[in-house]
Amino acid sequence: MDFWKICFQIPWIPHSKIMWGWCKRKIAVGLAAKSDGTRELFFKLEVLKKLLSTEADLMSRLLGEIAHQQQQLKTISNGDLYSKELEDASHEANEYLLSAKRTIRMLTGGTEYVYDDFEYGIFEKPALKLCNGMISQSPDIEKQLRCRFVDHGNPFLRIAPFKQEDVYLDPFIVIYHNVLSDEEIEMLQEEAYPTLDSSRVVSYKQGLHSSKVRVSENAWLFEDYFPKVKSINKRAGHMANLNIHTSEALQIAYYKPGGYFNEHVDFDHNKENPFPNVGFGNRIGTLMFYLNNVQEGGKTIFSHLNVTLTPKKGNAVFWYNTLPNGELDYFTVHAGCRVVSGVKWVANKWFHEYGQEFRRPCLLKNVYNQKRNSL
């Protein structure tokens with residue numbers, strides 16, 4: 001029965017209240033039935049309105065925080081003394097603002113949301129698992145690792161030996177604990193600040209160039225211009241037990257939130273003429289100092305070895321890039337995971353082949369081959 005027509009065709013007179021009540025009930029039931037199809041739409045619209053309101057609130061708070069930090073730093077600044085801190089504070093707040101926008105886009109089904117490193121193709125899935133601490137070292141390998149005091153036969157170090165922790169035996173990777181003081185770290189950061197520039201990478205076809213493979217800034221501290229680093233360079237040579245005179249200048253690397261260094265090796269693939277601008281052969285070893293504790297992310301991983309290292313202020317990690325017979329060691333592929341929160345500071349020291357004849361004699365074969373194949 002079409003109650004709509006009946007209700008609106010009845011001659012409405014005062015004594016028809018019973019009929020009018022009946023019509024109202026029927027109309028209410030009809031409207032409720034028609035709303036079933038749109039109820040879900042109204043619900044989604046309400047959710048969307050709440051999400052947009054949340055986004056507006058997030059943006060307002062973050063922009064307010066940026067303005068507050070800028071005003072605070074301007075108040076205490078003296079010339080350019082705090083200009084870098086001001087830039088970093090603004091950049092960090094903007095990074096969080098960008099993350100909030102991406103979250104809203106994800107929740108509202110926006111097409112611009114892309115967050116996972118794997119979606120970008122920056123890191124492969126096994127590397128991401130290492131960065132997230134989801135892969136542990138094999139117990140068969142861990143049980144062979146030791147901690148010890150070492151002096152490498154150096155009379156000076158017998159008084160103050162290094163605290164060495166094994167990370168991997170082949171390739172040889174170790175951590176040296178508490179090798180830089182807070183004052184030295186502060187000095188390195190202050191010296192590097194004014195000359196920080198976008199990091200670049202070297203490839204066979206393009207030479208030295210900027211790349212998404214590496215998102216960071218760096219500066220080079222040469223002893224001739226920065227004499228304060230001389231003692232640190234000397235200490236680096238003692239730790240690696242290698243000739244410091246054929247090493248590169250100390251490189252300071254600075255990673256802002258979102259910064260990373262994709263999987264790579266430190267040696268040059270060109271065996272005939274490696275690092276022609278340096279002229280001391282290939283990089284035989286790498287020593288990397290950690291200059292701060294990263295709030296979240298920023299780990300160092302060796303993807304072929306299932307090794308994950310968490311940066312700890314004042315520590316240093318060392319590894320050989322070549323085998324004892326001089327061949328390139330592709331098991332040393334490593335990466336710097338994305339910095340999720342805070343910033344990351346490291347200092348790199350690369351040692352080259354020339355001048356190491358008596359420190360690490362070249363052997364006819366890799367003496368670790370048997371161990372490597374058994375692990």
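Which residues form a nonpolar patch on the surface, and how much accessible area do they have together? Please describe the surroundings of that patch as well.

Modeller: The model is a predicted one. The nonpolar surface patch consists of Trp220, Phe222 and Tyr225, which together have about 370 Å² of accessible area. Tyrosine 225 belongs to the loop between β8 and α8. With a relative accessible area of 67%, tyrosine 225 is exposed, because the threshold for that class is over 50%.

The protein chain has 9 helices and 18 strands, and 41% of its 375 residues are buried. Its accessible surface is about 22,300 Å², and carbon and sulfur atoms supply 55% of that area. Among contacts in the chain with a separation of 6 or more, 72% join residues 24 or more positions apart.

Two strands pair with β8. Strand β4 (residues 197–198) runs antiparallel to β8 and is joined to it by 2 bridges; here serine 198 stands opposite glutamate 217. Strand β9 (residues 250–255) is also antiparallel to β8, with 5 bridges between them. In that pairing, glutamate 217 faces tyrosine 254, and asparagine 218 faces alanine 253. In general, strands of a sheet pair through backbone hydrogen bonds, in a parallel or an antiparallel manner.

These pairings belong to a wider arrangement. The strands form an open sheet of 9 strands in the order β1-β2-β3-β15-β11-β18-β9-β8-β4, with antiparallel pairing. Strands β1 (147–150) and β4 are at the edges and have a single partner strand each, so one side of each has no neighbour in the sheet.

Helix α8 spans residues 230–240, and its buried residues are Ile232, Asn233, Ala236, Gly237, Met239 and Ala240. These residues lie on the same side of α8, because they cover an arc of only 160 degrees around the axis. Lys230 and Lys234, on the other side of α8, are exposed. Just after α8, asparagine 241 has a positive phi of about 55 degrees.

Leaving aside residues up to four places away in sequence, asparagine 233 touches Glu223, Ile244, Leu250 and Lys349.

Helix α7 (residues 182–192) has Glu184, Ile185, Met187, Leu188, Gln189 and Ala192 as buried residues. The elements that cover them include β8, α8, β9, β11 (283–290) and β18 (344–352).

Salt bridges complete the description; the structure holds 8 of them. One of these pairs aspartate 182 with lysine 313, with the closest N and O atoms 3.6 Å apart. Because aspartate 182 is in helix α7 and lysine 313 is in the loop between β14 (307–309) and β15 (316–320), the pair ties together parts that are 131 residues apart in sequence. Aspartate 182 is partly exposed, at a relative accessible area of 47%, and lysine 313 is partly exposed as well, at 34% relative accessibility.

The side chains of glutamate 191 and lysine 228 meet in a salt bridge of 4.0 Å, N to O. Glutamate 191 lies in helix α7 and lysine 228 in that loop, so this pair ties together parts 37 residues apart in sequence. Glutamate 191 is partly exposed, with a relative accessible area of 22%, whereas lysine 228 is exposed at 52%.

Arginine 283 is paired with glutamate 248, and their closest N and O atoms are 2.7 Å apart. Since arginine 283 belongs to strand β11 and glutamate 248 to the loop between α8 and β9, the pair ties together parts that are 35 residues apart in sequence. Arginine 283 is buried, at 11% relative accessibility, and glutamate 248 is buried too, with a relative accessible area of 9%.

How values were computed. Residues numbered from 1 in each chain as written. Predicted model: local features only at pLDDT ≥ 70, side-chain atom pairs only at ≥ 80, totals over all residues. Heavy atoms only, no water. Helix = DSSP H or I, 4+ residues; strand = E, 2+ residues; numbered from the N terminus. Buried < 20%, exposed > 50% of the residue type's maximum accessible area, 1.4 Å probe, protein only. Contact = heavy atoms within 4.5 Å. Areas by Shrake-Rupley, 256 points an atom, 1.4 Å probe, with all protein chains shown as cover. Arc of directions from axis to C-beta. Pairing = 2+ DSSP bridges. Patch = residues over 30% accessible without salt bridge, like charges linked within 9 Å, V, L, I, M, F, W, Y side chains within 5 Å.
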